[in-house]
Every structure is written in C-alpha cells, then in structure tokens.
Amino acid sequence: MKTMKLALVAVAVLTSPSVMADAYKFYGRIDYSITNSDSGSATHNGKSGTVLENNWSRLGIKGDAALTEDFSVFYQIEVGVNGASQDKGSNPFSARPTFLGIKHSAYGQLAAGRIDPVFKMAKGTADAMDMYSMKHDRLFAGDKRWGDSLLYRTQTWNNIQFGASYIMEDNYYAEDDIRRDNGNYQVAVTYGDKHFKSSDLYLAAAYTDGVEDIKGVRAVAQYKAGNLMLGTIYQSSELVNPNKTNWEQRDGDGFIISAKYQIDKLLLKVQYGQDDSGTGKIAGRVYDALGEAATDVPEVSQWAVGAEYRLSKSTRIHTEIGQFDVKQYSDFDDTIASIGFRIDF
C-alpha cells in the first residue's frame, strides 16, 4: 500500500508543470524469446518444452527537476508489460522500479519506493546472459527487487561510489516472523564504469544481511581490452530462513566467468558458472518439488554460449544455447536453446 501511495506521489510530481518543464524521458523495451527446455528448471516460468518467454518487457518514464542550485528531485515510474506464456493471470502489467528521490550536488542521493537494491546492482554487466534463461540467478540468489525500500548513494569520488539499501522492516517481516532476528539491509562499494563508457575497469563488493532470506557477499570484476570484455561474479551465500527446507545445510559458494567479443554489429558471448549454496532459482525448484526428500544440497553448474546481432540502433536479435547440470538431481538437468527479438525505444 505504501508503494502504491508513493507511485501516486510520483505521478503527481510528474504531472506538475514545473517538473514537465525539466528533463524527462519516456522509454520502453519489448523482448520475447522462443525457448526450448528439457525440464523447465531454468525457464522463467518453470515449464519445459517450447515456450514463449517474456524477457522483462517494460514501459516507463523517468526524469528530474531542479529545486535549487544544489538540490534536485528525480523519479522513475516503470511497469512490466506481460504477454508471454509465463505471465500469470489476466493483468497485462506488473511491478517494476517506481520511486521518488532527492539529490544533492555534494552529498549524494536518497530514493524511496520499489528500487533495485545495491547488492543486485553490484553485478554490473558481468553476466553475459543476464535477462535470459541462462542468467546467473539460476545459480545463486540476491537479485530480487523490493518495494517499501530506501536507497542511498554517495557522489562518485575518484571513480569510487558507496551505496546502501534498507527494506522497511514493518513491511518486510510480519509481526511474529521468526526472521526478525535477521537483518534487512545491504551495502556496496563500486569502482569504475560497468558499461565501459568512461573506463575499462569495473570492480564491486557488496554485502546483504537477511534480504531475500540470505546473508551473502558478492564480488564483481569486469575488464575491457579492445573488443574483448571479461567479467566474473563470486558469491558466498547462507540461507537464514528457518522456515525453508534444510535451511541449515544451504550455505556455500558460487561464481560465473564470462567473455564477450564485439565484431562490428555482432556480439559473441560465452559463460561458465557453478554454485553449491542451494540458494539459487534452480535449487529452489528442486526443494519446491521434492521437499524434505531433497536431503542433499543441489550443486548446480552451467555453460552457455550466445550471440546478439544489431539490426539497428534500437533493435537486435539474440540467441542462447547452454546447459545446467544438477549433480544430485539429474531430473532437474536442463538444456536451453533460445532465439529472441528485442526492441528498445
């Protein structure tokens, strides 16, 4: 409810003549894939066979408005546009980043609403398969977006920036929730530029305490040398929710390593990863299906190759092929072959 109220406030700000006179942008993305999956362990909707996948298509508007010489407000209102086979119910829209914030020229920015937290965003662009069925969250957790949250970021000093996310406790935990003994915050520090626009190196370190039911550390490194882009994510995760199956055993480490190579309009991608923490999406599907019968923590590994070809500045076709191996539960092994089309505007 508080997030809805914030969205209404953001709409009021957006429609204010003083705000509309400053910079704002309407934007969107439509991205659909035809995907074939052996078991459904890795697809967005958990279904096997040939499915149409919606890769987080969205519509939004964002902008900012000066208040004084040093202060400005900024906002973003974004919704998911649903239309593929994994979309549930008849609602054509779903929640995505919607927030309102204030920024100071020296002291940084503070935003409130539904925001991508700092642990998630520390990943940069190191995941070559991000947005698709081969992405890193199949291996380890920590990428969920939360409503009723606060996010603070400092200004960038010598390419270094600090950030912190806080999930409002009265909305995150029920009054009698045993998880109240855990935290509900994240912190991160980054160096450089994850999109390689101003530097060829990006580094990040992040910590999450209790958010998404894990305590975890994430370290990220990216490097660009000419047309070659290298990336890696390491994560140590510990499940801290006693209500989940075998929670005390679900503690371990995971990583991905990736490489991308640009040849004119063609981008080639390759990725390998593994995780033994039992906290990622595929491990979660094992526990959901087997319950207490899943006595061993799933060890999941992945390889993937892919390519993107730009038809124009705003449109591209993409393909991904790869495999997930679930060591103790072969019924959940999954081979993915996907081809998709994306347009940004």
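Select Arg29 to begin: at a relative accessible area of 16%, this residue is buried (under 20% relative accessible area, with exposed meaning over 50% and partly exposed in between; 1.4 Å probe, protein chains only). You are looking at a predicted model, where local features need pLDDT of at least 70, side-chain atom pairs count only at pLDDT 80 or more, and totals for chains, interfaces and linings use all residues. Residues are numbered from 1 along each chain as its sequence is written, and side-chain values use heavy atoms, leaving out hydrogens and water.

Asp344 sits in strand β17 and Arg29 in strand β1 (residues 24-37), so the pair ties together parts 315 residues apart in sequence. A salt bridge here is a side-chain nitrogen of Lys or Arg within 4 Å of a carboxyl oxygen of Asp or Glu. Helices (H or I, at least four residues) and strands (E, at least two) are DSSP runs, numbered from the N terminus.

Strand β15 (residues 300-310) pairs with β16 (residues 315-326) in the antiparallel sense over 11 bridges; pairing requires at least two DSSP bridges between the strands. A hairpin of four residues joins β15 to β16. From β16, 10 bridges lead on to the antiparallel β17 (residues 334-344). Click on Gly322: this residue is the bridge partner of Ala304, and Gly322 also stands opposite Ile336 in β17.

For a network of salt bridges, select Lys123, Asp130, Lys135, Asp143 and Arg218. Within this group, Asp143 and Lys123 meet at 3.6 Å, N to O, while the closest N and O atoms of Asp130 and Lys135 are 3.2 Å apart. Relative accessibility is 10% for Asp143 and 7% for Lys123, and both count as buried. Asp130, at 17%, is buried, as is Lys135 at 7%.

Finish at Tyr261 in strand β13, which is partly exposed at 38% relative accessible area.

For confidence, colour by pLDDT (the predictor's confidence in each residue, from 0 to 100): the mean is 91, and 88% of residues reach 70 or more.
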